[in-house]
Structure formats: C-alpha cells, structure tokens
Amino acid sequence: MLRFLISRLLTFIPTFIGVCIISFAFIRVLPGDPIVVMAGERGLSDERYQEMVEQFGFDRPLIVQFWDFFTGVLQGDLGTSFVTKRPVFDEFFALFPATLELSFCAIVIAIVLGLPAGVIAAVNRGKFFDRALMSSALVGYSMPIFWWALLLIIIFSGNLGWTPVSGRIDLLYFFPPVTGFMLIDSLLSGQDGAFTSAVRHLILPSIVLATIPLAVIARQTRSAMLEVLGEDYIRTARSKGLAPPRVNGLHALRNAMIPVITVIGLSVGMLLAGAILTETIFSWPGIGKWMVDSIYRRDYPVVQGGLLMVALMVMVVNLIVDLTYGLINPKIRKR
Amino acid sequence: MSLKKIMAATSVATMLMSGAAFAQSTLVYCSEGSPEGFDPALYTAGTTFDASSHPIYNRLTEFEIGTTNVIPALAESWDVSEDGTEVTFNLRSGVKFHSNDMFTPSRDFNADDVIYSFERQTVEGWSGEYFTAMGMGDLIESIEKVDDMTVKFHLTQPEAPFVANLAMDFASIQSKEYADAMEEAGTPEMLNQQPIGTGPFSFVAYQKDAVIRYAKNADYWKDGVPKVDNLVFAITPDASVRYQKLSAGECHIMPYPNPADIEAMQSDENINVMEQEGLNVGYLAYNTMQEPFDNPDVRKALNMAIDKQAIIDVVFQGSGQIAKNPIPPTMWSYNDAIEDDPYDPEAAQQMLADAGVSDLSMKVWAMPVQRPYNPNARRMAELIQEDMSQIGVDVEIVTFEWGEYLERSADEERDGAVLLGWTGDNGDPDNFLAVLLGCDGVGGSNRANWCHEPFQDLIAEAKTLPTQEERAALYEEAQVIFKEQAPWATIAHSVVYMPVRPEVEGYKVHPLGGHIFNEVSLAE
C-alpha cells in the first residue's frame, strides 16, 4: 500500500507543474488587455498605459513572469488581485469554504440517493421502477441548471415560501466567520435559530447542484451492477441460497463500486463547474462567481491562482479516489 | 396536518423571521455585485461607489440626490477667483469621522484631510484611474491650506466643471489621521478594507459576494439623516433572483431589473417601480476620417435609414428613448428645439445618390458586452444591417472581445462605424461633448475621429465661462452643429427602473446612476 501511495504521489509532481503552466497560460491566451478593460469606454493616455504596464510587470518577458508566479506558488504566494489589491490566497480561502460546504452537501445527496436508486433499478431491470428512474435520471442529466434553479426558487421560495430565495443565512444573524462553514459557524455562534436558517438556505442550492451528479451516479451504478449481476460468482452465491439483499449488497455492489467511485471522483470537477452557475443564482459567496468575474476583468493573478487551487483540489480528490480503489479492490494496491 | 396547514404555518414563520430581520429599521438593498474595494478613489465601477462613496464618505461638494445640481457638503461655500484659476473652499466645522476597532479620531475634519485626499492621488504609482481620467492631475497646480478650515485650489487654467468634478466619487474625503495611523501600523490597505469616512453610514462588516453591513452614523453633520438605523447590502448577482427576493420581502430595493420583468413588477401591488431617464447615450460613430464617411451628407443619409423606434422596441424592450442629441434630456443645456432626422429610407437613398455614393458597403462594430446604453449591441447591429439593406447599403457586422474592441475601435485607421456609448460622470455637458466629440479625443474617446473647428471653439469657450447660463447657450449652439454634421447616429438613452417595496419612503432615482439611501425611511 505504501509503494502504491508513493507512486501515486510521484505522478502528482509533473501534473502539478503542468497545471501551473496551463493556469498561467490560459488567461494570457484570451484576447483582451487587462489595462484596457479596466479603463473601459474612457480609455487612457499612452503614458498612463505605459505606467500601468510597468506597475503590473507586463513589460517583463513572459518566462520571467511565469517564474515569479511559479516560485510564488511554491512559497504559498499566489500574488495580489489587480482589482481588489488583496492577496489571492486570502480571497480564495475566504470563499472556498462556502463552495466546499455546498459541494459536500450536494455530493452527499447525490450518493445517498443515487447509489440505492441505481442498485434498485438494476435489480428490477426492465420493470416500471427501472424505467421511471432512468427516464428521470436522463431528465436530470439534461436539465439546464439555470432554469432548474429558477424554477425551484419560484415554486418553493416564491409561491410556497418554504425556503429562502438566496444567500447562506438570514440577514438577521450576524457573526464573524470562524471556520467559514456556515453550518459549523452558526452552531458556534450559539444564536437561536441560526443553524436552522443555515440549513434552510442550503436546501435548494444543494439539490440543484446535486442534480447532475445524482443522475450520473444512478446511471453508472445501474450499469455497473447489471454487469456484475451477470457474473458467474453471483450465480454461485445465489445458488448457494444466500439471501438476495446479501448477494446484491455485499457481493455485487462491492464489485460494482470501482466504476462508481471513478464517477464520483470525476463528479467533483463537475461540481466545481456546476457551482459557478448555482452560486451565481443563489448568491452563494463561493469561488465560482469569483473566478468568472475575474475572467471578465482579466484579473490575471486571480484567474491563474484560482484555477491552480481548483485543479489542486480536483487532483487531491482523485488521489483519494485512487487510494479508495486500493481499499476496495486488493488487486489494484498490489499492482 | 394537511399540506395547506403546513404551508400556512411555514409562511407565517417565514414572515415572522423576515419581520424580525427588518426590526429596528434595517433597510435591505439587494445589490448586483461585490464592490472592488472601499476606497472610491481607486475604482471606477458604479457598484463600488454604491457601497463606498455614497454611504461611507462625503465630498467637498455633492450632487443633490435625484438631480445633477452641485450643492455644498463638506465645503459650506466656495469662491472662484476672477480669472477662474483659484477656487477657495470654506470647510464645514464639527464634522466627525467614524471610528472602528483600530482607530478613534482625535479631531474633527479639517483642511489636512482635504489636502491628503487629493495629494495622495498625484503620487507616482497611484493606481486609481478616475483622477487622471478626469484630467485632475494636469489641472490642479497646487492645493494650499489657508487655515484649518479653508483650502485653496490653484488651477493651471480656468475650468468651469471643476467644482462638479469634486462632487465625483474619486474626490471622497479620507481621514488623514486614519491614513497615518494605518501607515504607521504597516497596514495601509485598511483604508480600502476597513473604511473610515464622514458619511451617513459607518462600515460594519463585509463578506465578499454575500453581504455588506453599515450602521447609522449618529454624529452625522446633516440633521435627521440617515433615517434608518442599519443598512444592509444583500449581494444578489442574478436579476431574476433579486426580483424573487424583493417580492418575498427579503429586500426593500433592487437595481437593474430584467426589462422583461418590468411589466409583471408594475402590476404587482407589493412593488412600486420607479423610473427615470439615465444620464447616458448610445451611439453609432462613423469614422469621419475615411471616405465616404468624411462627407456629412453621407452620414446624414445613413442616419435617416435607421429605424430607431424599432431599436427601442426590440433591443431596449421599451426601457429606452430615442436620442436626438449627444447629451441626455436630463442634462442642463439639452437643446430640445433640435429636430431629429426623420426615418425616411427613400429620401436617404436619394441623398446617397446625390452624394455620388453607390454600392456602399461598410462595417458596423457591435460591442460584446451589455451596457445600460446598449443592452444588446449584436441585436442592434442586426437591425441596423436590415435598415441599411433597404437603401442598398451592405453592412457587415464585426465584433471583438471587449478589451480588443475598445482598443481597436479607438484607432484612427479603423474600418467601419462603431456602436458604443457613454454614461455621465459629473452631470456637466463638457463631460459628454468634450470627451466624446472634442479634437483632443481623436484616436481615443472620440470614436468618430471628428474634429470640427466651429464645434471645438464653442465647447472650449464654454469651459471657461463662469455661469451656467452663459455656458448653456454655447452648448445649445454646439448641439445644432453636431446635428448638421452628424458624426454619429444618436440612437438611445436608457430608462432606469428601480423596483422598491411599498414601505420604502423618500427614495429618489439618481440621474448619475448611484444608489443612495441617506434620505430613505421605512413606513411602519
């Protein structure tokens, strides 16, 4: 297991360097000069332009700029936002807990509902439940997030008044962030009703964000289960007279988990992408909206730093997924 | 419990909760985005000014809310010298700065604060854009402290809009004492993060992309202002969601509704929709340096081919009005006697033929971004393309990424007519006519590259005259010349809508685009 872990960690290094290069290059490949964008319709004089170029360090060769960025990253310094003049690192960690909290709730919903749904559908293959479930999964998968979110807001917040329209907690509650996770902070604050309010605010956005991964996980679980259920050892287990729940749950599901876990790992990337829309609609103060705004403003340090951090998160999650394979399937860790 | 009962119970609970949130008179404004920071001198975006300069700071002069009139604020009065190059401000006494955890002011506002607030913007490496863009660096020769409560600005030339410039957001007055204290503590960025001002509200807390909180400044120098105890900005980027929040009572005022929602809002009894013409203009600028657009008759003919009413209906969905002048109708000196070019494709075709132009093909540039003065440039360009084809002119639509667009469209060699616009900074006609149509702007903000001597002489003279009346006469004349010469097709001024809850009293839509809550109160 240790060798497996080390070999996985070693592949991390070239990927990390690659991610640094891509993050740095991505925003620079886009057309549009950040200084011109900043000046807007007003424009600016040639001298002033030159002054700003020097101030931002754009007059230096690209390779020098990249080296500065790269060595900064190694020291935990992602640079300072052109716009807010605050360190990118601080901004990222002020906003990231919100995204993490939302993504975590979404992935929990997706797994808790998606796994059993996929298993039940596979076991009842071709029957009504299977068809109904797979059709709704297809609908869920193809749903435009933007429209789906607004629909839920109009029904549950507008018409029924069950959930708040947007935000993380009622404006009534006011306490400084400790962990950045509203569920935890609201408990720590000790204010009556704060935790309930935080939960109520989480419901709609997590459902919206969970929709696509839920559909994907349910479909993937179903097809993996179907494949496993046709295997000889399942027939053996059945013929030995094992109870169907034990066969399906223990023998089949465990073996069907490998592709499902892969999908869950990949969903994390998808969640972060989906979070951009979900966060915008629900006024959720996470990194999605922050990144989009900074792309529009050509705020180079934020875009490259944010991209790098998100890529790192995805890499870490996939590393964990790889390690989980090893736990579930001994064959993999011995390889 | 039946579903109905559950629903009733939950909605009562929700009402109670939101009721509690608004107790102790808290005004909630669903703002459209996060501010870039809280030091207004560093930025140019309206969203930033709404959150910084309006609630937290004051300026020497200010715009009367709801108008573009310049009124005294931290300066009680001012005198302009005969030659127009010295402006002396008598400062208001007894004005208190806010305090926070790190700072308690030891003295009231005085001349040192004024001098500090401007001089810091002249230091090399200063990254604020507005001060330079308004030409203040070249204009201000020096600032003299006459005594503690008097400052004198020495100017390099007489400049009538100067006093109005000082009412702009970048001219907000900072506390020198606070700046010094933060400099000493090694945290000068606190000016931008934990702002201290003299304004009606003091800064309490900010969570990026979520909420900004302010508390009433109990020591505010203007009696009876502000009228609410707390001000909260609930940052809500999506317009449809703002609408839902407003109608659910989660906020009292929202800016920038979707044009498509306005009709539904107007028929909703829980929402009052206020409206005012925006201080902006959207235009199509020909490149008057290139043939055949150097001929005013050709430009005039093309203008007559454009069906502006269709543009208002389709692109603005009614939330705009046809523009006939380069300045908006709410601005002083607007010449209403001018007649717009009629929409007449046949006459236009004839004029083109008379000018000896046939088989004309041209480019029309469409901006890639939404602006109040042009919510959908692509669609506008398509309508213009259709109109032009009626008179036999072939139009190719081009567009670029926004930064590229701004850069390339400013090029004197540019091929084609450009869709662009302008939103006023200081309510002064000079801010439109000189910036957008003056000879200095050729190859820059003057996208028509139009330098016309009779026009230029008028606006240059108007800038040096002391009274608004004398200046207005010249600007009115300049608009006549503009119309004859037609360097642009003036297309539209937007109409600004502000949906507010019925309990909101005293809110005024501000023509300069800011959202200001000093005078707003909430009915019981």
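Two residues are in contact if their C-beta atoms, placed from the backbone, lie within 7 Å. The views below show a predicted model, in which local features need pLDDT of at least 70, side-chain atom pairs count only at pLDDT 80 or more, and totals for chains, interfaces and linings use all residues. Residues are numbered from 1 along each chain as its sequence is written, while chains are lettered from A and ligands numbered from 1 in the order in which they are written.

**View 1. The contact between chain B and chain A.** Chain B brings 48 residues to this contact and chain A brings 43 residues. On the side of chain B that touches chain A, the elements giving two or more residues include α1 (3-22), α10 (239-247) and β16 (417-423) of chain B. Helices (H or I, at least four residues) and strands (E, at least two) are DSSP runs, numbered from the N terminus. With seven residues, α1(B) gives the most to this side. The side of chain B holds 19 nonpolar, 17 polar and twelve charged residues. Here Ala, Val, Leu, Ile, Met, Phe, Trp, Tyr, Cys and Pro count as nonpolar, Asp, Glu, Lys and Arg as charged, and the others, Gly among them, as polar.

**View 2. Chain A as a whole.** Chain A has 14 helices and zero strands. Its C-alpha trace spans about 85 × 55 × 40 Å along its principal axes. Of the 335 residues in chain A, 40% are buried; a residue is buried if 20 or more other C-beta atoms lie within 10 Å of its own, exposed if 12 or fewer, and partly exposed in between, with C-beta atoms placed from the backbone. An unreviewed UniProt entry lists residues 96-321 of chain A as "domain: ABC transmembrane type-1"; UniProt positions are given in the numbering used here, feature names are shortened, and annotations may be inferred rather than shown by experiment. The span 96-321 is 80% helix and 0% strand, and its end C-alpha atoms lie 21 Å apart.

**View 3. The two domains of chain A.** Domain 1 covers 19-74 and domain 2 covers 88-333 of chain A, with bounds that come from an automatic or database domain assignment. Their centres, taken over C-alpha atoms, are separated by 36 Å. Eleven residues of domain 1 of chain A are in contact with nine residues of domain 2 of chain A. On the domain 1 side, α1(A) gives the most, with six residues. That side has nine nonpolar, two polar and no charged residues.

**View 4. Helix α10 of chain A.** Helix α10 (residues 232-239) of chain A is hardly covered, and the count of buried residues among its eight residues is zero. After α10(A) comes A:G241, with a positive phi near 95°.

**View 5. The largest nonpolar core.** This core has 149 residues, and B:A234, B:L284, B:A285, B:L419 and B:L433 have the most contacts inside it. A nonpolar core is a set of buried Ala, Val, Leu, Ile, Met, Phe, Trp, Tyr and Cys residues joined through C-beta atoms within 7 Å. Strand β17 (residues 488-500) of chain B gives the most to the core, with eight residues. Not counting residues up to four places away in sequence, B:L419 touches B:L284, B:V364 and B:W365, among others.

**View 6. A hairpin in chain B.** Strands β6 (residues 140-147) and β7 (residues 150-155) of chain B pair in the antiparallel sense over six bridges; two strands pair if DSSP finds at least two bridges between them. Two residues lie between β6(B) and β7(B) in this hairpin. B:S142 has B:H154 of β7(B) as its bridge partner.
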